[in-house]
Amino acid sequence: MDDYDVCVIGAGFGGASVAALLAHAGLKVALLEKTARAGGKTQTTERKGYRFEMFGAVGIPAYNSRFHELVDTLGIAERCPFVVPEGDAASIRYLNGDGQWRVCYNPLIATGSEKEMADMKATFGVSDDDLGALAAFYGAILSLQDEEIDALDDTGAYAWMSQFNLPAPLESQVCMNLNTLFVVAVDRLPASEMIYALRDQVLGGAGRYHIGGYGHVAEVCAEYVVEQGGLYLTKTRVQEILVEDGRVAGVRLGDRTIRTRAVISNAGIQPTVLQLAGAAHFPEDYVARVTALEPSWAICGFRYVLDKRVFDAALIPVFSDESWLDEARYQGMLRGEWPNVPLIAIDVPSEFDPGLSDIEGHQLANCQVFMPADTGSELVDEALARCEAVIDELWPELKDHIIRKEPYGAKQISSMSRDVAVPGAGGEAVGIAQVVGQCGKSKPDARTPLAGLYIVGCDAGGRGAGTHQAVDSGFNVAAMVCEDLGVSAVPREVRA
Ligand SMILES: Cc1cc2nc3c(=O)[nH]c(=O)nc-3n(C[C@H](O)[C@H](O)[C@H](O)COP(=O)(O)OP(=O)(O)OC[C@H]3O[C@@H](n4cnc5c(N)ncnc54)[C@H](O)[C@@H]3O)c2cc1C
């Protein structure tokens, strides 16, 4: 039997960051991860001379992010350098209303230059007045105070955006971006989450990568726990959260028990409450609420290793005016009513870090589309086929340069993150509770009703897009646990 102050279940970005921050605060931490590496859904893996992302992974914002605060707080910035490519590293492929593909190239941080404005007009066929409407939209976002943004937790993003009367192509561009960032319908996304994320994107840029692989930061956080005298075990699944006298007492891993004062779970709020601890330890209304929380969609796609540089940018969204999804369009897709182009997000990690391949000029890319979070969804085959058809049309030479092509979907996401605890959930790309009524002040509390049990990651405790939200939660939960355990060395400020 081992004694630790805190046990963290799972080394995704929520778990790895909270574990490292608590170790930094002087607590004895045990970090337990069921897979072979830290990073969770944004884990980087290594095979036959290539380091590649299991799923796509690029950080937003590029600068001024919670990731920067994390590596600065822990003093590990030199061990995980960040990279934001200069020049036109992003490229849009837009199918216009006349059925013509338009292409434009942009920097990852918009500058508002004359060239960028001219490219927008040519790509989307819009006027100066239309660009004025877009400027008014972003101007309003930048002028709002945090309290005003928080007051929009229960307003849908699409409803708030509608006041600016954006022309269809510009609306498509904004909505496509929001779908990609949050992996939920634009009318179900809270306006507050949209505004914080777009503000971060305007001020901090649209694409950060970590040299050595996106997941490398989580790996260094896990190493940091060990360097501070803690424990980090991989390929170690927590099977049960132990409860004694109405509070958590530790965890069970097979025949080994770890006793702790607090347990922080990155294993998903539903599996944690319903399976690892067990519903009997929580009030009935809490169990009902947790069970009813909605998953974000899943993402399915192809992981490519190519023997040539086929994609000429690091980030490539592919879309038309039919591609972005509100709830009605998403429900239509479930019934088989597909858009002419499914929204495809192409991430090309080797454009950020050419060192990911041992062979110069080889390319690593993930091409991805949306699908339901249900790990048994039969939509995966159709979504992949439609994605592939568009890729073949736009990059016909790609099929002659494939060294490896690996499809993935909700089932693979679940195996790299959380178990299925509620029918229809488990394969969510971002997490649970990402929609109006379940975010901001209505987000599940990271402190659960079971004393000593906390949730970290995208299900509770944070704001932001994807991994940024997970690390935001890591900071906030670290501060909570320090407060509850009476530790004075509270990590840096908590974002309101
Ligand atoms: C295809 C795809 C593309 C994405 N693209 C991006 C992107 O470009 N940028 C971005 O910011 N975000 C992206 N995301 C979203 C992002 O990956 C997630 O929002 C984020 O990683 C979630 O972090 P988390 O800490 O909540 O948990 P997770 O990443 O889910 O980590 C949970 C961890 O807990 C472990 N675990 C679970 N149960 C147990 C147990 N019983 N015992 C031990 N360990 C356990 C898991 O193995 C895992 O390591 C993408 C997601 C997907 C699927």
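How many salt bridges does the count come to? The count comes to 34 salt bridges, a salt bridge being a side-chain nitrogen of Lys or Arg within 4 Å of a carboxyl oxygen of Asp or Glu. The model is predicted, so local features need pLDDT of at least 70 and side-chain atom pairs count only at pLDDT 80 or more, while totals for chains, interfaces and linings use all residues. Residues are numbered from 1 along each chain as its sequence is written, and side-chain values use heavy atoms, with hydrogens and water left out.

**Stop 1: the nonpolar core**

Please select F137 and W160. These are the residues with the most contacts inside the largest nonpolar core, which has 181 residues. A nonpolar core is a set of buried Ala, Val, Leu, Ile, Met, Phe, Trp, Tyr and Cys residues joined through side-chain atoms within 4.5 Å. Buried means under 20% relative accessible area, exposed means over 50%, and partly exposed lies in between (1.4 Å probe, protein chains only). Helix α16, residues 467–485, gives the most to this core, with nine residues. Helices (H or I, at least four residues) and strands (E, at least two) are DSSP runs, numbered from the N terminus.

Leaving aside residues up to four places away in sequence, F137 touches W160, M161, F164, L166, V174, M194 and L198.

**Stop 2: helix α9**

Next, select residues 216–227, which form helix α9. Its 12 residues reach 16 Å from the first C-alpha to the last, close to the 16 Å expected at 1.5 Å a residue; the expected span is 1.5 Å times one less than the number of residues. Is α9 largely enclosed or exposed? Nine of its 12 residues are buried, so α9 is largely enclosed by the rest of the structure. Among the buried residues are H216, E219, C221 and Y224. Just after α9, G229 takes a positive phi of about 95 degrees.

**Stop 3: salt bridges**

Select R463 and D153, whose side chains meet in a salt bridge at 2.8 Å, N to O. R463 lies in the loop between β18 (453–455) and α16, and D153 in the loop between α5 (146–150) and α6 (157–161), so the pair ties together parts that are 310 residues apart in sequence. R463 counts as buried at 9% relative accessibility, and D153 counts as buried at 1%.

Then move to R447 and D484, where the side chains form a salt bridge of 2.8 Å, N to O. R447 lies in the loop between α15 (410–416) and β18 and D484 in helix α16, so this pair ties together parts that are 37 residues apart in sequence. R447 is partly exposed, with a relative accessible area of 30%, and D484 is partly exposed at 37%. Salt bridges that share partners also join D150, D153, E193, K441 and R463 into one network.

**Stop 4: backbone details**

Select I60 and P61, which are joined by a cis peptide bond with omega of about 0 degrees. P61 is found in the loop between β4 (50–53) and α2 (66–74).

K48, in the loop between β3 (44–47) and β4, has a positive phi near 45 degrees although it is a residue other than glycine. K48 counts as exposed at 74% relative accessibility.

Finally, select V183, in the loop between α7 (168–182) and α8 (191–204). V183 is not a glycine, yet its phi is positive, at about 60 degrees. At 2% relative accessibility, V183 counts as buried.

Key
Contact means heavy atoms within 4.5 Å.
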